[in-house]
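Hi,

Here is the structure I promised to hand over. Please open it first, then read my notes on the salt bridges below.

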Amino acid sequence: MGQIAVLLVLLIVIAAIIAGIVFGIVKLVKYMRRREADRREMLGLMREQNTRGNE
């Protein structure tokens, strides 16, 4: 009975670690996508200003 409890706790710990890794990867991907969108928006604004300045 003791071995089953130890294995169960170990399984829960491993599941928590995996969940933490997945959560971290999802947050990182969302952050990177947001940065890319911000960069594209900034480039668009810079192009817009540049074309206005050349008129």
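How many residues apart do Glu36 and Arg40 lie in helix α1? They are 4 residues apart, about one turn of the helix. Note that this is a predicted model.

Glu36 and Arg40 form a salt bridge, with the closest N and O atoms 3.4 Å apart. That pair counts because the cut-off is within 4 Å. Arg40 is exposed, at a relative accessible area of 57%. Glu36 is partly exposed, at 29% relative accessibility.

Glu36 also forms a salt bridge with Arg39. Here the closest N and O atoms are 2.8 Å apart. Glu36 and Arg39 are 3 residues apart in helix α1, again about one turn. Arg39 is partly exposed, with 44% relative accessibility. Through shared partners, the salt bridges join Glu36, Arg39 and Arg40 into one network.

One further pair is Arg34 with Asp38. Their side chains meet in a salt bridge, N to O, at 2.5 Å. Arg34 and Asp38 sit 4 residues apart in helix α1, which spans residues 2-54. The separation is about one helical turn. Both ends are partly exposed: Arg34 has a relative accessible area of 47%, and Asp38 has 36%.

The count comes to 3 salt bridges.

Best wishes

Key:
Residues numbered from 1 in each chain as written. Predicted model: local features only at pLDDT ≥ 70, side-chain atom pairs only at ≥ 80, totals over all residues. Heavy atoms only, no water. Helix = DSSP H or I, 4+ residues; strand = E, 2+ residues; numbered from the N terminus. Buried < 20%, exposed > 50% of the residue type's maximum accessible area, 1.4 Å probe, protein only.
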